[in-house]
Amino acid sequence: MNQNVYLQQYKKNTVETASPEELLIMLFNALVNYVAKARTAISTANIQDTHNNITAAQNILIEFIDTLDHSVNPSLAKNLESLYTYNIQLLATANIKKDLKKIDESYNMLKDLRDTWKKAAELSKSGSVEKNTESVEEQRSLRAVDNTEYDDEDDTPDEEYTGYEFDG
């Protein structure tokens with residue numbers, strides 16, 4: 001019994017002291033875990049566990065939608081909202097029809113999205129994002145000094161443009 005109290009306190013402290021990025025990753029880990037548990041529950045015909053896990057996953061997705069800040073990057077927020085809404089619909093269909101294909105589609109999409117957020121958080125934490133931004137600013141200021149016309153798409157001087165595009 002005491003061990004459970006300590007575990008609950010540890011979890012509470014972990015959440016309360018986590019950065020916003022860490023909280024996002026924690027929620028994504030829980031989300032992916034709920035979808036995986038729902039898949040297992042569907043496979044074993046456990047209707048109650050299927051419903052409980054899918055509902056928990058949908059609640060996290062709803063929270064993600066509710067906390068999107070459309071003022072920072074409206075296009076990104078709209079795309080994320082569409083992605084989260086689509087997954088809510090996939091999970092609803094999976095819950096009603098006990099459809100493993102829908103669960104798998106949602107699981108793979110959410111796992112990839114979680115991994116992307118993890119990578120973004122790591123880059124942000126390591127300062128790579130800021131360093132890259134500084135590098136771009138440095139390149140722009142150097143351009144202003146040398147007065148060479150550059151092609152905006154590939155950062156090569158216009159007169160040497162080869163026609164190749166970078167898919168970045």
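1. Contact, as the word is used in this note, means heavy atoms within 4.5 Å. By that rule, and not counting residues up to four places away in sequence, Arg114 touches Ile25, Phe28, Asn29 and Val32. Arg114 has its place in helix 5, and Arg114 and Asn29, although 85 residues apart in sequence, are 7.3 Å apart in space from C-alpha to C-alpha. Because its relative accessibility is 12%, Arg114 counts as buried, where buried means under 20% relative accessible area, exposed means over 50% and partly exposed lies in between, computed with a 1.4 Å probe on protein chains only.

2. On the basis of these values: this is a predicted model, in which local features need pLDDT of at least 70 and side-chain atom pairs count only at pLDDT 80 or more, while totals for chains, interfaces and linings use all residues. Residues are numbered from 1 along each chain as its sequence is written, and side-chain values use heavy atoms, with hydrogens and water left out.

3. Helices (H or I, at least four residues) and strands (E, at least two) are DSSP runs numbered from the N terminus. Of the 168 residues in the protein chain, 23% are buried, and among contacts between residues at least 6 apart in sequence, 52% join residues at least 24 apart.

4. Helix 2 has 24 residues and reaches 35 Å from its first C-alpha to its last, close to the 34 Å expected at 1.5 Å a residue; the expected span of a helix is 1.5 Å times one less than its number of residues. Its buried residues are Ile25, Phe28, Leu31, Val32, Val35, Ala38, Ala41 and Ile42, and what covers them includes helix 3, helix 4 and helix 5. After helix 2 comes Ala45, whose phi is positive, near 60°.

5. For helix 3, the 20 residues should span 28 Å at 1.5 Å a residue, and the end C-alpha atoms are 28 Å apart, which agrees. The buried residues of helix 3 are Thr50, Asn53, Ile54, Ala56, Ala57, Gln58, Ile60, Leu61, Phe64 and Ile65, and they pack against helix 2, helix 4 and helix 5.

6. For helix 5, the 27 residues should span 39 Å at 1.5 Å a residue, and the end C-alpha atoms are 38 Å apart, which agrees. Besides Arg114, the buried residues of helix 5 include Ile103, Ser106, Leu110, Leu113 and Ala121, and the buried residues of this helix pack against helix 2, helix 3 and helix 4.

7. Turning to the aromatic residues, rings of Phe, Tyr and Trp (its six-membered ring) pair if their centres lie within 6.5 Å, and planes under 30 degrees apart count as stacked, over 60 as edge-to-face and the rest as tilted. By this rule the count comes to two aromatic pairs. The rings of Phe64 and Tyr84 have centres 5.3 Å apart and planes at 45°, so this pair is tilted. Because Phe64 lies in helix 3 (residues 47-66) and Tyr84 in helix 4 (residues 74-97), the pair ties together parts that are 20 residues apart in sequence. Phe64 and Tyr84 are both buried, and together with Phe28 they form one aromatic cluster.

8. A pocket is an open set of points, on a 1 Å grid over the protein atoms alone, with protein on both sides within 12 Å along at least five of seven lines, where a 1.4 Å probe fits; lining residues have an atom within 4 Å of a point. Grid points are joined across faces, edges and corners, and a volume is the space filled by probe spheres set on the points. The largest pocket holds about 370 Å³ of space, and of the 15 residues that line it, the closest to its centre are Thr67, Leu68, Asp69, Leu80 and Trp117. Helix 2 (20-43) and helix 4 are the elements that give two or more residues to this lining. The lining divides into twelve nonpolar, two polar and one charged, with Ala, Val, Leu, Ile, Met, Phe, Trp, Tyr, Cys and Pro counted as nonpolar, Asp, Glu, Lys and Arg as charged, and the others, Gly among them, as polar.

9. The second largest pocket holds about 160 Å³ of space, and its lining consists of Ser19, Glu21, Glu22, Ile25, Lys118, Ala121, Glu122 and Lys125. Helix 2 and helix 5 (100-126) are the elements that give two or more residues to this lining, and the largest share, four residues, comes from helix 5. The lining of the second largest pocket divides into two nonpolar, one polar and five charged residues.
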